[in-house]
Amino acid sequence: MTAIQSDAPGRAKPRGSNASGAASPPRSSLRQARRRTYLVPYLLLTPFVILFAVFFISPIVYAAYLSVFVDRVIGGQVFVGLANYARVLSDPLFFAGLGRVLLYGIVVVPGTLLLALLFALLLDRDRLPGRPFLQLAYFLPFSIPSVISALLWGYMYGNTFGVFTQIARAVGLPDPQLLSAGTILFSIGNIAIWAATGANMIIYYSALRSIPRELFESARIDGASEWQIAWHIKIPLLRSTMVFTAVLAIIGALQLFSEPMVLKPNALGAITNSFTPNMYAYNLISSSQQYNLAAAVAFTLTVLIVGLTGLFLLLTRKRDAS
């Protein structure tokens, strides 16, 4: 028999009913519905997590495993602990390559981000003729694969048929040695700046378009020039975006590999097998099959990348706090 509860004189309704008289769902059903809703995001993420673990995490774990062993002719694979890392940290070839990528990063990272910021500020002007064309022109180099970009610029850098050599000869100047040991790093940096500026420009431009335009109109009414608006309003509001792109640029600079590998045959000995840490690790595998030592080089470089990135974020955070 249904239990009856009274909520007013002369009126009664079944227990478990709502104010309209309809029966409320039992608590167990509500609990199950909440549990299903809670599990849905995790079920949707499961395919990604599985693929990420199989194709990203597991190779890293296997490389970490290889880095603490060494293959010997007698005895096979032997556990050596951190001996491979000690060899890496005592190898002058590794530190020479690391010094090159650090110098490369000092030139490329600021150059790329500054040009991207200038182009984004230019495109953000209210009255700019040919904006779609400029957007395409700035972004187009990024759409070209890095190997193709290196081949194109390598041809232009060439000492015999290169464009720059032909121009120098036409005006009576000596042939520019753009692939020599003294200039090769800056020639590679030019390729990287040319290719990556467009991508960073798109990021900055998207961030600028998300800023309310009323801020700029108010500044113009107060008599601010376009330069003052950019310096005092736009750039400060882009600070977090600039930090993000700087972190990506630092990581990319320390992982330099494709451009020197493509230019190596024409670089007249300026690019060696240990020109960068990644090339050093690659040649350890391809030339002498030292997989264990190459894994140690890769993990050492990873630690350095994480350390430099963390230091950069710490410095920028302290500057924002002050």
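Mentor: A helix here is a DSSP run of H or I with at least four residues, and the elements are numbered from the N terminus. The model is a predicted one, and the part to look at closely is helix α7, residues 184-209.

Let us begin with its partners. Helix α5, residues 146-157, packs against α7 at an angle of about 135°, the two axes lying 10 Å apart. Angles over 145 degrees would count as roughly antiparallel, and α5 and α7 are therefore oblique to each other. The crossing in which α5 passes α7 is right-handed, and it is made through Ser149, Ala150, Trp153 and Tyr157 of α5, which meet Ser187, Asn190, Ile191 and Trp194 of α7. By class, this contact of α5 with α7 holds five nonpolar and three polar residues, with no charged ones.

The other partner to consider is α10, residues 239-254, whose axis comes within 10 Å of that of α7 and crosses it at roughly 165°; α7 and α10 are therefore roughly antiparallel to each other. This crossing, too, is right-handed, and here Asn200, Ile203, Tyr204 and Ala207 of α7 touch Thr241, Met242 and Thr245 of α10. Four nonpolar and three polar residues make up the contact of α7 with α10, again without a charged one.

The largest cavity holds about 30 Å³, and its lining consists of Leu103, Tyr104, Val107, Leu185, Phe186 and Gly189.

Two or more residues come from each of α3, α5, α7, α10 and α11, and α7 provides the largest share, six residues. The lining of this pocket divides into 15 nonpolar, eight polar and one charged.

For the largest pocket, of about 780 Å³, the elements that each supply at least two lining residues are α3, α9, α10 and α13. There α3 gives the most, with eight residues, and among the 24 lining residues Leu113, Met242, Ala246, Phe312 and Thr316 are the closest to the centre. Met242 of α10 is also one of the residues in the contact with α7.

Note on methods. Residues numbered from 1 in each chain as written. Predicted model: local features only at pLDDT ≥ 70, side-chain atom pairs only at ≥ 80, totals over all residues. Heavy atoms only, no water. Axes fitted to C-alpha atoms, helices over the stretch in contact; angles between N-to-C directions. Parallel < 35°, antiparallel > 145°, perpendicular 65-115°, else oblique. Left-handed = near helix turned anticlockwise from the far one by under 90°. Contact = heavy atoms within 4.5 Å. Nonpolar A, V, L, I, M, F, W, Y, C, P; charged D, E, K, R; others polar. 1 Å grid on protein atoms, 1.4 Å probe; cavity = no way out; pocket = protein on both sides within 12 Å on 5 of 7 lines; lining within 4 Å. Points joined across faces, edges and corners; volume = space filled by probe spheres on them.
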